[in-house]
Amino acid sequence: MKHKRPTLQDIANHLGITKMTVSRYLRNPDSVAQETQIRIAHALEQFGYIPNRAPEILSNAKSNAIGVLLPSLTNHVFADVLKGIELILDQAGYQTMLAHYGYSVKKEEERIESLLSYNVDGLILSENYHSLRTLKMIEVANIPVIEIMDSTQPGIQQVIGFDNVAAAQAMVETMIKRGHNHVVYFTARMDKRTQLKMQGYEQAMKKYGLEPYSLITEEPSSFTLGGKQIRQILEKRPETNGIFCTNDDLAIGALFECQRLGINIPTQIAIAGFHGHDVGFSVSPQLATVITPRLEIGKTAAQELLARLNNEPLTEKMIDLGFHIHLGESM
């Protein structure tokens, strides 16, 4: 049976005071007598009272909340980004309103509409491709908006991230220079960033006169998928001696499957991932990967948003936080 949520009137009736007095206390505890403060605080705790902020939000242009849109709640990449965002926002007294859209443009539109209905003070978005309706809603809302995870394409107002194309190209060129001339690219989901990395992969292969080949799938990333992909590629292209993966999950899945099949890494096949998750440093051989500044992206996005909310001028529309190649032992 669902319990009735206690109201301000319930608290007031319990204490034998007016609802206005309780409301005044919630806005500013010092506005009521000290003895009354203690009684109200005790009653609020006793009743488990949760303030209803909807009227306050509707009557106040400032909500002290920031909307954050993430495409995945299971991907470690975004866990680190969110941690960075909250490290900064918590200190500044802002709450994070998190929404998940599963890499869907339509769902992103619906989630942004919902967040804007709560009068969020700003938005941090994980994509730079949006529906026309989303762009219109953001324009009408007239709040600071930051798009993260890529730094090469102009955004609505400001973008913060790194160059996905350059990062992928740098890793694949490193593989080629180390003697791996039949490198295949493993994808997942085929979202925008996976496509940007494919572009970098293809640029590296063509630069050295090599034939690019990508294993395309809309499946979500996992260790299992990486293992399945290595089996597929060994059947389709047995000459393969290098695997570049769109993320570390696929790379580790491929590495485990190679070990199960008795394939020596990196002598027979080199494997490289993307993002530099902790698990890649724990496996043996240690995973080669592109280390991306995920925590720093989150922190910088929050800092830039707060600066805009404090009416500081926008100085940089595109902030590139860079990347670096970790060679590991798998390449």
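User: Why is Pro154 called exposed?

Analyst: In this predicted model, Pro154 has a relative accessibility of 69%. Exposed means over 50% relative accessible area, buried under 20%, and partly exposed in between (1.4 Å probe, protein chains only), so Pro154 counts as exposed. Pro154 sits in the loop between S4 and S5; strands (E, at least two residues) and helices (H or I, at least four) are DSSP runs numbered from the N terminus.

User: Which residues is Pro154 in contact with, beyond its neighbours within four places in sequence?

Analyst: They are Val159 and Met318, where contact means heavy atoms within 4.5 Å.

User: What makes S2 and S11 edge strands?

Analyst: The open sheet has 6 strands in the order S2-S1-S3-S4-S5-S11, paired in parallel. Strand S2 (95-100) and strand S11 (318-320) each pair on one side only.

User: How do you know that S5 and S11 pair?

Analyst: Pairing requires that DSSP finds at least two bridges between two strands. S5 (residues 158-161) and S11 have 3 bridges in the parallel sense, so they pair under that definition. Ile160 stands opposite Ile319 in S11.

User: What does helix H6 touch on the sheet?

Analyst: Helix H6 (residues 105-117) touches S1, S2 and S3, and its direction makes about 170° with that of S1. Axes are lines fitted to C-alpha atoms, for helices over the stretch in contact, and angles run from 0 to 180 degrees between N-to-C directions.

User: What do the numbering and the values rest on?

Analyst: Residues are numbered from 1 along each chain as its sequence is written, and side-chain values use heavy atoms, leaving out hydrogens and water. Local features need pLDDT of at least 70 and side-chain atom pairs count only at pLDDT 80 or more, while totals for chains, interfaces and linings use all residues.
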